[in-house]
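Open the model in your viewer and keep the sequence panel beside it. The stops below say what to select next and what is there.

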Amino acid sequence: MMDPLQVMWLRQVKKYWRSKPRMIGSLGQPILFLVAFGFGFGHIYAKAGGGNYLQFLAPGIIAMSILFTAMFTGIELIWDRRFGFLKETLVAPVSRSQLVLGRTLGGATVAVAQGIVVCIISVLVGFRPEHLELLPLALVFMFLIAFLFTALGTAIASRMEDMQAFPLIINFLIMPLFFLSGALFPLTGAPKGLDVVMRLNPLSYGVDGLRGALTGTADFGFRLDLLVLVGVTIVVFIIEKQLFSKVEV
Amino acid sequence: MRGMPAIVVKGLVKKFGKVVAVDGISFEVKEGEIFAFLGPNGAGKTTTIKMLTTLLHPTDGMMKVNGFDPVSQMDDVRRSFGIVFQDPSLDDDLTAEENMHFHAVLYGVKKDIREKRIHDLLRFVELEERKDDLVKKFSGGMKRRLEIARGLIHHPKILFLDEPTLGLDPQTRNSMWEHVSKLRKSEGMTVFFTTHYMEEAARIADRVAIIDHGKILKVGTVDELKRQTKAKSLEDAFLKLTGRVIREEQSTSLERMRTMRKGWGR
Ligand SMILES: Nc1ncnc2c1ncn2[C@@H]1O[C@H](COP(=O)(O)OP(=O)(O)O)[C@@H](O)[C@H]1O
Ligand SMILES: [Mg+2]
């Protein structure tokens, strides 16, 4: 028996599956980063005593692809409003909390799927997960990153009507979130000020946890990673829910 | 409850900043009745429907829909009605059947009756052969028919139709009204529709409310309206009440442009 939550979820997954150009297009950037950085910086990183850079980088790129896909999911809300479908869901006898949860779960699922594809591509170019028994934990971290940033993207979208402005704002947020998350270079040894910013960035804990689960080196430790991610996710989801309840059409 | 009015509205007001879209209207719609809001563009028809269907909060006034208050009993109200919006409201990236299925699940239509209802309604609006096509491949008229079918899946007690026949050819228009009146008989459904076609209001509605600038000028059967204004036809009555005619061609093309602009973005 389908319930409203499932049907909301299914709709998003179906739409994503059908838009192959979007799917393939969003793989371009992670592949480019893996190849350009992975092979470009690889020897410098090794020379500096860091070991195999691809092992370090791949979890960061997986997190990046999840971050991007999740945040941009918010645009679907703007489309739904613009093309009128949002009205159809808002007059249905379904609570706003269910509507927003269904949306966020759908977007998060799509982002995790994207992350898994990037993970497979990483393996194809030479990345080797070191602890197969920790793969379920890696999935947990992927899901938390996905859910957190889908909620954030949707929260922002529920306050915006302009399709052109949304990508600009999201890019403005995504870039610092990504570059200052420890995805590309390690936190340890970063200059003092930068170090503080990186510790304030929730994505840092997602990258750290994911890297820990895939390669065995988590700087913060899984416990802190999970604690921070779950905490921030709950707060952002509550804000998203509040903003979505105020949406009018 | 028998005899209870399907819709009660008293002193309803909606302001958007300085614009008074709905200016203190009162009316009742009886159960099983077909009731029309007739008025030109910008009269406040859509705004009234949006308040009755929980999409907008009124600035002032009282409403009851199927006995429930759209402000404080949203869910009960939402379970009571079906709606066909003035502007498009389908998901173009889903198939016709998926749009129907989505709606049926949101409204809690039980699985065992769901497929049959979807199937019957799609056949009725002559879209059965196209059920697996993405809606974006549909023409405007086909989309409209699908929206009408969708609004009926959960057998609503009250059906709101906001300019439902806009952009439909006469044949589809007739068959839509035929089906609506069939449902009214079999299900005892109440119908509230808005239009700026005189002919449609006169032919379809049991009672008509003439609305202009956010105010209801007169409510009654077409005969009553004609008698009270000493007019020969509904057009004539409308002219006497509002001091103007609805120029159909002009308003339709305006509406179309508005709908298109909404669809394609600025
Ligand atoms: N969201 C809104 N913000 C500001 N003004 C609005 C809004 N919606 C409707 N209006 C104004 O309210 C008036 C009534 O509009 P509407 O109810 O759509 O009329 P109708 O459906 O009879 O054509 C118009 O002047 C319209 O411009
Ligand atoms: Mg209107």
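Predicted model: local features only at pLDDT ≥ 70, side-chain atom pairs only at ≥ 80, totals over all residues.

A salt bridge is a side-chain nitrogen of Lys or Arg within 4 Å of a carboxyl oxygen of Asp or Glu.

**Stop 1: a salt bridge between the chains**

Select A:Lys15 and B:Asp93. Their side chains meet in a salt bridge, with 3.6 Å from N to O. Across the interface of chain A and chain B the rule finds 6 salt bridges; over all chains, a search of the whole structure finds 25.

Next, select B:Asp91 and A:Arg11. The side chains of B:Asp91 and A:Arg11 also form a salt bridge, at 2.6 Å from N to O. B:Asp91 lies in the loop between β5 and α3 of chain B and A:Arg11 in helix α1 of chain A, so this pair joins two chains. Both B:Asp91 and A:Arg11 are buried.

Together with A:Arg11, A:Lys15, B:Asp91 and B:Asp93, they are linked in a network of salt bridges.

**Stop 2: the interface as a whole**

Colour the two chains separately. How many residues of chain A are in contact with chain B? The count is 24 residues of chain A, in contact with 36 residues of chain B. The area buried between the two chains is about 2,800 Å², and carbon and sulfur atoms give 60% of it. Select A:Glu88, A:Val91 and A:Pro93: these supply 24% of the area that chain A buries against chain B, more than any other three residues.

Between chain A and chain B, 10 residue pairs are in polar contact. On the side of chain A that touches chain B, α1 (4-18) and α6 (85-90) of chain A each supply at least two residues. The largest share of that side, 7 residues, comes from α1(A). By type, the residues of that side divide into 13 nonpolar, 2 polar and 9 charged.

**Stop 3**

B:Glu147 forms a salt bridge with B:Arg144, with 2.7 Å between the closest N and O atoms. Both lie in this helix, 3 residues apart, about one turn of the helix. An α-helix has 3.6 residues a turn, so residues three or four places apart point the same way. B:Glu147 and B:Arg144 are both buried.

**Stop 4: B:Phe102**

Select B:Phe102, found in helix α3 (residues 96-106) of chain B. At 2% relative accessibility, B:Phe102 counts as buried. Show what surrounds this side chain: leaving aside neighbours within four places in sequence, B:Phe102 is in contact with A:Val7, A:Met8, A:Arg11, A:Phe85, A:Glu88 and A:Thr89.

**Stop 5**

Select ligand 2, a magnesium ion. Which residues coordinate the magnesium ion? They are B:Thr46, through OG1, and B:Gln86, through OE1, at 2.0 to 2.1 Å. B:Thr46 lies in helix α1 of chain B and B:Gln86 in the loop between β5 (81-84) and α3 of chain B, so the pair ties together parts that are 40 residues apart in sequence. B:Thr46 counts as partly exposed, at 24% relative accessibility, whereas B:Gln86 is buried, with a relative accessible area of 7%.

Now select helix α1 (residues 45-52) of chain B. Of its 8 residues, 7 are buried, so the helix is largely enclosed by the rest of the structure.

Move along to B:Thr53, in the loop between α1 and β4 (60-65) of chain B. B:Thr53 is buried, with a relative accessible area of 0%. Its side chain reaches the backbone oxygen of B:Lys50 at 3.5 Å. Not counting residues up to four places away in sequence, B:Thr53 touches A:Val91, B:Phe81, B:Ile83 and B:Phe160.

Notes. Residues numbered from 1 in each chain as written. Chains lettered and ligands numbered in written order. Heavy atoms only, no water. Buried < 20%, exposed > 50% of the residue type's maximum accessible area, 1.4 Å probe, protein only. Helix = DSSP H or I, 4+ residues; strand = E, 2+ residues; numbered from the N terminus. Contact = heavy atoms within 4.5 Å. Buried area = accessible area lost by both parts, 1.4 Å probe. Polar contact = N/O pair within 3.5 Å; in protein donor to acceptor, adjacent residues only side chain to side chain. Nonpolar A, V, L, I, M, F, W, Y, C, P; charged D, E, K, R; others polar. Donors = N, O, S within 2.8 Å, 3.2 Å for Na, K, Ca; no water.
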